[in-house]
Amino acid sequence: MTGKLFDVPRRALAGLCALLALAGVIMLTAMADSTMQPLPASAPDGEFSAERALRHLERFATEPRPIGSRAGERARDYLAGQLRAAGLDVRVQRAIGANTSAGLASFGQVDNIVATAKGSQPTGTVVIAAHYDSAAMGPGASDDAAAVAAMLETVRALKGTALRNDLVLLMSDGEEDGVLGAEAFVREHPLGRKGGVLLNWEARGVSGPSLMFQTSRNNAGLVETFADAVPHPRGDSTLGELYRLLPNNTDFTPMAESGFTGMNFAYIEGSSRYHTADDSLAHLDRGSLQHHGSNMLALTRALGGADLEALASDHDLTYFRIFGTMVTYPNALVWPLAGLAAAAVAGLAVLARRRRLLSLPRLAVAAASGVVPLLLAAALAQGLWEVLVAWRPAYDGMGGLLHRPQAFQAAVVVLAALALLCWYLPLRRRLGPAALAVGALVWPAALGLLCAQVAPGMSYVLALPTLFCALGGTAAMLLSGGVVDGGTGAGVARRVAAFQVAAVTLGAVMAAALLPALARTAFDGMGLALGGVPALVLAIFGLTVLPIIELCLPERRPSLVPLAAAGLAVLLVPIGLARDGFDPANPLRTHLAYVMDADARTASWVSADAEPPAWTRRYVSGHDTTPLPPGYARGTSLWTGPAPATPGAAEPRVTVLGRDGDTVRLRVTTGRAARSVTLRVERPIAAATAAADGMTPVSVDVTGVRSNTWPGEIRFRGLPDTGAEISLRVPGADRFRLTAVAETDGLQRVPGFVPRPKGVVAATREDGDLVAVTRTYEISAR
């Protein structure tokens with residue numbers, strides 16, 4: 001009982017035809033997921049034009065705009081002015097935003113731009129949101145200026161349109177420092193507390209289609225509106241489930257938690273330029289801007305005229321695109337479809353057992369061992385990343401988001417195939433191809449059932465391929481039975497064989513349309529540092545198409561195939577390294593900061609690079625961190641070097657205003673020029689409060705401790721000129737040290753500093769390219 005599900009003459013030709021058909025499906029799916037063509041400024045007034053939106057970007061998105069910066073103020077004034085000129089009621093909400101993470105309390109003075117237009121007969125409020133601040137390292141043309149410019153162009157295109165519902169445009173501040181603006185909006189602003197339907201727009205790259213990657217719970221009405229209203233919908237419910245597993249958030253997060261329903265959009269390709277100087281107008285894909293804006297305009301019109309109360313639902317929808325068509329169905333069908341897929345695999349197993357193609361013990365071993373290629377593929381992909389980082393340490397600072405990763409991605413594909421073959425070929429003779437093909441389907445079927453329980457929106461990507469592959473295999477076996485039972489001639493047998501191959505190939509079409517596309521999205525969103533995820537998906541794809549792989553294996557010496565795969569994977573590594581070298585168009589990242597201890601009047605250069613490049617080695621030469629101020633060092637392998645003192649640099653000043661038990665009240669100022677202040681505490685903190693002139697104080701609880709530095713930390717971004725009052729609770733500490741760090745953007749003021757050459761940009765670490773001046777204080781019980 002070690003037979004095949006079916007066998008055909010001219011196996012290699014049949015297998016090649018099947019593979020070419022599946023490759024065509026994969027390519028067609030990729031083409032259908034492309035972005036839009038940008039429209040010129042001459043486009044009709046009622047349409048969105050990327051060229052018109054680009055004119056706004058040229059006015060405010062050519063320089064970094066971190067919270068509290070002068071560039072941020074200029075952008076705020078320009079954007080508010082444009083909205084007022086469009087006839088909207090515009091207010092600027094100045095408040096303190098707050099956020100927490102392990103051992104850290106983050107605060108910031110935010111200036112949210114809130115523009116409103118009253119609806120004719122409102123059934124609720126539609127809120128369009130994007131943030132106008134950028135990371136400190138780059139101008140943020142995509143993240144998130146493109147969405148902000150799209151809001152202005154959307155308002156222009158809506159001119160003369162009477163919307164039924166109230167419209168709110170929220171251009172938030174401080175998103176990059178912990179969604180501070182959105183947090184302040186929902187906590188303090190009346191419109192934030194009122195709730196509504198939210199459309200939030202983001203970017204994690206500089207190109208690609210605008211994906212609807214996240215929704216609020218009970219999304220059925222929203223998803224149906226999205227599918228009907230948007231001319232080129234992109235995104236699927238798998239993205240939302242995956243996003244929940246990642247430690248990321250956007251402005252959508254605090255707003256959804258406060259009661260907003262809605263959808264979150266982003267484009268994610270070209271992510272090597274994310275949060276760097278290359279997130280610029282030169283690299284912005286105009287098609288991505290067009291896709292963002294066209295979706296925004298269409299949804300604003302649809303939701304602006306809808307009965308928003310009727311969109312309320314008590315269930316979610318599963319949604320995905322296949323061959324350019326958006327498919328939706330209620331999550332009530334998730335369990336039935338997952339169960340049907342499992343039943344189809346069971347039926348295939350029963351039929352194969354009756355045909356004496358497998359035995360139950362062999363099937364059990366095949367099914368149990370099917371986890372091996374999944375784990376091996378993930379391990380090999382992660383191992384590849386470790387090899388790449390060891391060979392080129394600069395990759396570590398890019399977080400796996402490389403400029404030209406195609407050769408390495410191809411290597412991951414080959415490694416997934418290698419993992420599959422290393423499992424399949426040794427067991428092929430002992431267990432038989434039929435047992436392995438049926439047993440392999442047990443894993444995607446089981447994972448589909450698991451997702452139905454824990455991540456319903458993701459179940460389809462496993463259950464549907466399993467269902468169709470099982471049905472294709474069943475059809476192929478039934479056809480072969482007809483040939484055997486009927487005793488037909490050779491001509492009929494050849495035709496039946498063709499139908500068998502067609503049945504299996506058609507059964508695999510769903511897998512080819514869904515699984516490689518998911519792997520591609522994982523590559524774009526997670527990069528090679530988490531290459532095990534797309535490798536796992538590709539290995540699952542391989543499990544679903546084992547009958548086709550069997551056709552393609554040579555009759556003689558099939559062991560040469562994995563050897564060839566291993567050789568190809570090895571060959572792709574130097575090809576990728578040669579192709580992905582750093583140059584002015586694809587720059588190297590490096591981290592550098594200047595730290596001056598105002599108490600000791602000494603200064604140091606600091607870099608967190610694993611292997612600093614030549615430019616950075618002008619400033620750092622070793623790992624001696626003893627000259628650094630107490631509590632400043634963050635990390636175990638920092639590079640340092642001596643630096644000259646910088647006269648006139650902004651210094652922090654901390655005054656103890658009072659102490660009540662474990663709680664200490666401080667007044668913190670930094671003098672001129674410093675944009676932010678950080679307080680590092682040598683004991684864990686349990687709570688913190690920030691207050692500033694004219695703004696409501698904000699308190700947060702803090703749990704956990706910071707890693708690789710002092711355990712407690714408080715940040716205040718965009719510190720007002722008059723400073724802020726900070727209260728912190730330090731349980732059980734009669735005395736403790738506190739190091740205050742005044743932070744000023746840019747290193748140009750440091751004597752002897754030479755700017756980076758072309759082909760080198762600042763790394764994305766938040767303490768880079770800062771002049772950090774510190775003072776350390778002893779806080780006592782009295």
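## Surface patch

A patch consists of residues with over 30% relative accessible area and no salt bridge, like charges being joined within 9 Å and nonpolar side chains (Val, Leu, Ile, Met, Phe, Trp, Tyr) within 5 Å. A salt bridge places a side-chain nitrogen of Lys or Arg within 4 Å of a carboxyl oxygen of Asp or Glu. Accessible areas follow the Shrake-Rupley method with a 1.4 Å probe, and for residues only the protein chains shown count as cover.

The model is predicted: local features need pLDDT of at least 70, side-chain atom pairs count only at pLDDT 80 or more, and totals for chains, interfaces and linings use all residues. Residues are numbered from 1 along each chain as its sequence is written, and side-chain values use heavy atoms, without hydrogens and water.

On the surface, Leu 568, Leu 571 and Ile 575 form a nonpolar patch with about 250 Å² of accessible area together. Leu 568 belongs to helix α20 (residues 560-579), helices being DSSP runs of H or I with at least four residues, numbered from the N terminus.

## Cavities

A cavity is a set of points, on a 1 Å grid over the protein atoms alone, where a 1.4 Å probe fits but cannot get out; lining residues have an atom within 4 Å of a point. Grid points are joined across faces, edges and corners, and a volume is the space filled by probe spheres set on the points. There are two cavities of 30 Å³ or more.

Among the elements giving two or more residues to the lining of the second largest cavity is α15, while α19 gives the most, with four residues.

Key:
1 Å grid on protein atoms, 1.4 Å probe; cavity = no way out; pocket = protein on both sides within 12 Å on 5 of 7 lines; lining within 4 Å.
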